[in-house]
Amino acid sequence: MTQDTLVLGAGMVGVGVAYHLARRGRRVALLDRREPGRETSYGNAGIIQREAVAPHAFPREFGELWRVLGNRGVDVRYTPRGIAQAGRALWQYWQHSAPEAYARIVPEYASLIALSIDAHAEMIEAAGAEALIRRDGWLEVYRTPAALEARQAEAQALAERYGLTFDALDATALRAREPHLDAQALGAVHWRDPWTVADPGALVAAYARAFEAESGECLRGDIRDIARHGEGWRVTTAEGAFEARDVVLALGPWADHWLGTLGYRLPLFVKRGYHMHYAPREQAPLRHWLLDAETGYLLSPMQAGIRLTTGAELAPRDAPPGHAQLEAAERVARGLFPLGERLESRPWKGARPCTPDMKPIIGPAPRHAGLWFALGHAHQGFTLGPATGQLLAAMMAGEVPAVDMAPFRAERFL
């Protein structure tokens, strides 16, 4: 089978790329070992984070580093193997988080985030997925006055610079929005611009159907080889071989292996995460997506129940799961909101593909014609998938994209 383009990876990023290429009239196939939206994109917190203009920096204050090294926090855990495997990338991550370097990264990153809502809106309409979407923002909840005051001041600065809207909530205003929170919640930042999604995996699947409606084809296969073939590419799977003029690597946390076989040593690493769904106790409703900001977990009122999503775990992608982080988060969450019984027999585990400068890699491969990258989106693949699709489709068509793509090209690591 020969296509114009073969997109590898059917998460939010891969589906976004495939959709926009098909919209431009290309013959496009989307290849994954599973159905669209069943891996990393399935397990996230379900927020299209228009407010996330400042990516997650590496802790630099001694007290914060010391706390993380204790390996007992809810927001960050690690294994020795995880640290050893990602050591060089983590060192670069720490360097990029220095104030001067980070100040350069934020506006570049924000240029992508600014496209997120409009890019999703187009695909939501095409997919007929309105029933999955809420447009009432989400809450960052704080437990101490100092942290609340500092974050509200930071939110004001970000809002003024990047055109964001938020409400600064004291305890009374927070209770009006979420009556069942414990009194230890002293206030919040209510970000108004983001949209939330009641079933992230279902949204990706709906986008994939919109792609098929544009004459795209979804293929299933476990990749065995990616190689040049004549003027194009051949991707061999356990189920057969597929040929295309162009190939897009959108394989998320699985991209590093295939990059290596093609001769690219990009400093990717993974942050793993877990989730579990709960019933509310005594049918107490959770009305908003809610981050316990000083602790580091998120509660999301989804179709499957209240989803508790953990922070980051630095561990090898395929290492056995470690559930201590989720259990610690659950203990704290039960003190903040009346969670009931678990609704699943075991937690979900996934991995986020990360880069040390916090920015994704989007654009052409430096040494191979017809090979394109759309990977390394870290915490924001769900937010940025459709925007990445718009931008990469423009680049592949030889057009000038909506933002400067130089900060996101692979050459910065080579």
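**Exercise 1. Classify Tyr93: buried or exposed?**

Solution. Work on the predicted model. Tyr93 has 6% relative accessibility. The cut-off for buried is under 20%. Tyr93 therefore counts as buried.

**Exercise 2. Find the ring that pairs with Tyr93, and classify the geometry**.

Solution. Tyr93 pairs with Phe58. Their centres lie 5.3 Å apart, and the planes make an angle of 85°. Over 60 degrees counts as edge-to-face, and this pair is edge-to-face. Phe58 lies in the loop between strand 3 (47-48) and helix 2 (62-69). Tyr93 belongs to helix 4 (residues 87-96). Now check Phe58: at 21% relative accessibility, Phe58 counts as partly exposed. Phe58 and Tyr93 form one aromatic cluster with Phe269.

**Exercise 3. Classify the pair formed by Tyr264 and Phe373**.

Solution. The ring centres are 5.4 Å apart and the planes stand at 85°, so Tyr264 and Phe373 are edge-to-face. Tyr264 sits in the loop between helix 10 (255-261) and strand 14 (269-280). Phe373 is in strand 22 (residues 371-375). The separation is 109 residues. Tyr264 is buried at 2% relative accessibility, and Phe373 is buried at 0%.

**Exercise 4. How many aromatic pairs does a search of the whole structure find?**

Solution. The search finds seven. Among them are Phe58 with Tyr93 and Tyr264 with Phe373.

Methods
Residues are numbered from 1 along each chain as its sequence is written. This is a predicted model: local features need pLDDT of at least 70, side-chain atom pairs count only at pLDDT 80 or more; totals for chains, interfaces and linings use all residues. Side-chain values use heavy atoms; hydrogens and water are left out. Rings of Phe, Tyr and Trp (its six-membered ring) pair if their centres lie within 6.5 Å; planes under 30 degrees apart count as stacked, over 60 as edge-to-face and the rest as tilted. Helices (H or I, at least four residues) and strands (E, at least two) are DSSP runs, numbered from the N terminus. Buried means under 20% relative accessible area, exposed over 50%, partly exposed in between (1.4 Å probe, protein chains only).
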